[in-house]
Amino acid sequence: MPPEATGFSGAASGGSQRQPGRIGWLLLTPLIAWAFAFVVAPAVIMLVYSFAHRGTLGGVVLGFTLENYAGVLDPVYMRIVIRSIVYATITTLLCLGAGYPVAYLIGRSDERLRNALLMAVMVPFWTSFLIRTYAWVTILKSQGLLNSIAMQLQLISEPFEMLYTPGAVVVGLVYTFLPFMILPIYSSVEKLDGALVEAALDLGAGPVRAFSRVIIPLTVPGIAAGVLLVFVPSLGIYAVNDILGGGRVDMIGNIIENQFKGNARNWPFGAALGTTLLVSFALIYWFVSRRQRAETGDPGERVLRGGLP
Amino acid sequence: MIRSATRMLVTLALALGLVTPLRAAAAEELNLFAWSEYVPQSVLDGFTKETGIQVNYESYASNEEMLAKLMSGAASYDLIQPSEYVIEALVKEKQLIPLDHAKLPNLKNIGKEYWNQPHDPELRYSVPYMQGTVGIVLNTKKVKDPVTGYGDLFQPRYKGRIVVLDDALEIVTWALAAQGIGFDGVTKANLEKARPTLTQWLPLVKVYDSDSPKTALLNGDVDLGVVWSGEAAILIQEQPGNFAYVLPKEGAHMFIDNLAIPKGASHVDAAHKFIDYILRPEVSRKISDEFPYTNPNVEARKLLSAEQRANAASYPPGNPKLSTFRDIGPLAADVDKLFTDMKAKSGP
Amino acid sequence: MKLVTRLLGVWTGFVLLFFYLPIAVLVLFSFNQSKLNIVWTGFTLDWYTSLWHDTVLVRALQNSLIVAVFTTLISLVLGTAGAWLLYRYRYRASSVLETLAFLPMIVPEVILGVSLLILFVTIGLQLGYTTIVISHVTFCFPFVMASVQARLAGLDPALEEAALDLGATPLQAFTKVLVPYLMPAIVSGGLMSFTLSLDELIVTYFTASAGTRTLPLEIFGRVKKGLDPSLNAISTVFIAVTVLALLITEMVRRRNP
């Protein structure tokens, strides 16, 4: 059997692809089926629910009404959406600032050190997210670790209020999402041509210019991916701010949660909020990946540079 | 290499007791859906030991979480543990199976005062599990002035030292009570009256926590608050002399958590057996030992220690003004919106 | 640029300190005598021994591991196949398919959980291991796919050609040349998958049943009662076991470059 018929030939050089034959489509069916069953279908259901009426005991009464979407636009909730965006932005910027140097170091290290550092970054990820967050309560509370040490060292005379503040929420968010920023950027940095970096750093441009003019622009795909992987999920967060903010820093995630698991028992409204967010995310992702696609034709090549496929 | 890795993973999966779920299908089961950490393991084990019925304990952290899962029809539960106002709604919607009192001889142990509550006057659909109140807890080392009600508590001098439940219905009801409106007065007309009170109160709150408000009190991050009586009772047990519990004079919420059998239960008989088992004084007492709420079982109360009986949070002395919550139907969405709005405006 | 490296090293040190501070507190307090997890009162191993008798917690751990193993296996298959197919063939639906596949990765878990619950209820699928695994795979396999796609881009096509020229069948070329090449990406994607599944809470809340509670669910229920150090103990055990597993994987990788 000629190799071409099975698609197993070496013709896919430099990222060019072949047209799928019957086998090509056949092999893709599981993926299509999965995407349809577990991504498209639930989204459609959520969409239908967003136009329904609120059921007495929660749940929905199918029908058609736009009141749920009207609710989404209500200033009460808009204020919270804006707050969520602010926190997400701050978190993303802090993660970027704190994470880029780390990612750079890891990406430029030799294999042994790189693997060790990657493991070091990943291992805390391996513990229960809840317990990690509660550990921060122990650290930040007025009789907690930091305050006790500071008082012992006589740096302060009274406990410094850290817990149940917006600052604590930001600490928790950055803590939760920093690995999501470090990994994609590291991936981008690792593919950097060593010679290029050496040249940039050696040819008289100071490290600042070398970074800003050469290195950072080359790692933009990684940065973009990191930003997306931090910003978007942090919009939907509700547990970290609930625990570390003393329940005072409600975000969009909390509102959605409230509709399904809280007092409101208003599924259609939750569905409307969810659908709005889902559509927003899908659009953002699609636009970002389209722009990247315009730059390089090959999805693998893009991911190789640390960006989105 | 893939083959050996796959083999390793599959062996691992099997070794980890993949067999277990298959085995459990054989014995009879009871699907209990209750508040998290509200039914002691010793009680479940005792029941299984005596009847051979395996109890699957799934938990939730709010009535609404329970309703969401229950009404979605996703799982079949045999017993649920709703609060009194939810029982009222469930009965209205015909979602509960009436109880066969003939199968519940121990029902007579329930105190008389629980037989005439508005949500289920003849205990036709539900059996009280535990009762409690929502009241004021004070760290007596820090709070020296008398605090007898919501009005006394939400004062500027306590700003940033208060913890309250993260519960829209509770807080709105307190705000209305402080203006003299009864607990059955949560209506659309009255709702807006809560707004000015909440505008005044909420900026003083440091922590909203329905799950474990005692944590903030024990940590010393707050000095007083309005919490579940069980939480206050635990505080009093942990640090006797440091904490006091006071029922607000404007009116306090008396909640009754009940056991009920939802429509669609598959093990109705086992459910009855479990309810009757819980109603035994010596079993009920075990529950009290772990959760110092008010035990509605008068026979069980006789078995408690003097210390437990003396805990003011569990068994409040005197004749306080107590009321249960009523089902408010679709107004719940508006209550939530009001609370969300007020919280957002008063917060950081 | 020694100075630059030095500075980066110091900064990385700080970040790692930040990462491990709560972990250190967590581990330390697992040996604390006081039940209240607030003040250090003395050293004890009681919380570890209590874990042994805690059948509910152990059962939950079993469930978590079973789910994670199956999730990882299915995610590896779907993710690797998806990555390879999208690399090899130019489908018209490529970009749509990619967006769909990666969507669950970035959607808030509350929405994912609720919509999957609604789906399962609508099609009448009883909650249990199947539903949990399905929900986990849905947001785990994109990680495998991304990982494998990145690795594929660096693939030298001459490799496969050589294998075929030397008499290998297409299937042999796949299993003996391509897959070993992809192994690092498969392993890292698989590890991510396994971890995400093990620690998953919110989506699992909506798609689990009474008999199939996972460890995070169980911890979630207990944390509400108060910070009992046995939770610290089980977390410490967790960390220890996973670090061990990582070290073993690393040693295995060293032997198969």
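This is a predicted model: local features need pLDDT of at least 70, side-chain atom pairs count only at pLDDT 80 or more; totals for chains, interfaces and linings use all residues.

Visitor: What ipTM and pTM does the predictor give the complex?
Guide: The complex has an ipTM of 0.80 and a pTM of 0.82.

Visitor: And what is the mean pLDDT of chain A?
Guide: The mean for chain A is 80, and 87% of its residues reach 70 or more; pLDDT is the predictor's confidence in each residue, from 0 to 100.

Visitor: Where in chain A is confidence lowest, and where is it highest?
Guide: Confidence in chain A is lowest in helix α1 (residues 3-6), with a mean of 33, and highest in helix α4 (residues 75-108), at 92. Helices (H or I, at least four residues) and strands (E, at least two) are DSSP runs, numbered from the N terminus. Over residues 1-15 of chain A the pLDDT is below 50, and this stretch has 32 contacts in the model beyond near neighbours in sequence. Two residues are in contact if their C-beta atoms, placed from the backbone, lie within 7 Å.

Visitor: How does chain C score for mean pLDDT?
Guide: Chain C has a mean pLDDT of 80, with 91% of its residues at 70 or more. Within chain C, the lowest confidence is in helix α8 (residues 170-198), at a mean of 76, and the highest is in α1(C), at 90.

Visitor: Back to chain A: how many helices and strands, and what percentage is buried?
Guide: Chain A has 15 helices and 2 strands. Of its 309 residues, 51% count as buried; a residue is buried if 20 or more other C-beta atoms lie within 10 Å of its own, exposed if 12 or fewer, and partly exposed in between, with C-beta atoms placed from the backbone. Among contacts in chain A with a separation of 6 or more, 67% are between residues 24 or more positions apart.

Visitor: How many residues do chains A and C bring to their contact?
Guide: Chain C contributes 79 residues and chain A 83 residues. On the side of chain C that touches chain A, helix α1 (residues 2-29) of chain C supplies the largest share, 14 residues. That side of chain C divides into 57 nonpolar, 14 polar and 8 charged residues. Here Ala, Val, Leu, Ile, Met, Phe, Trp, Tyr, Cys and Pro count as nonpolar, Asp, Glu, Lys and Arg as charged, and the others, Gly among them, as polar.

Visitor: At what angle do α2 of chain A and α5 of chain C pack?
Guide: Helix α2 (residues 22-50) of chain A and helix α5 (residues 109-123) of chain C pack at an angle of about 95°, with their axes 8 Å apart. Axes are lines fitted to C-alpha atoms, for helices over the stretch in contact, and angles run from 0 to 180 degrees between N-to-C directions. The two helices are therefore roughly perpendicular to each other, a term for angles of 65 to 115 degrees, whereas under 35 counts as roughly parallel, over 145 as roughly antiparallel and the rest as oblique.

Visitor: Which residues make that contact?
Guide: From α2(A) they are F38(A), A41(A), P42(A), A43(A), I45(A), M46(A) and Y49(A), and from α5(C) they are S115(C), L116(C), I118(C), L119(C) and T122(C). The residues of this contact divide into 10 nonpolar, 2 polar and no charged.

Visitor: New topic: how is chain B divided?
Guide: Chain B has domain 1 (2-131 + 256-310) and domain 2 (132-254 + 316-346), with bounds from an automatic or database domain assignment. Their centres, taken over C-alpha atoms, are 28 Å apart. In the contact between them, 16 residues of domain 1 of chain B meet 12 residues of domain 2 of chain B. The largest share of the domain 1 side, 5 residues, comes from α5(B).

Visitor: Is I261(B) buried or exposed?
Guide: I261(B) counts as buried, because it has 24 C-beta neighbours inside 10 Å. I261(B) lies in the loop between β9 (252-260) and α12 (268-278) of chain B. L99(B) is 162 residues away from I261(B) in sequence, yet the two are 7.7 Å apart in space, C-alpha to C-alpha.

Conventions:
Residues are numbered from 1 along each chain as its sequence is written. Chains are lettered from A and ligands numbered from 1 in the order in which they are written.
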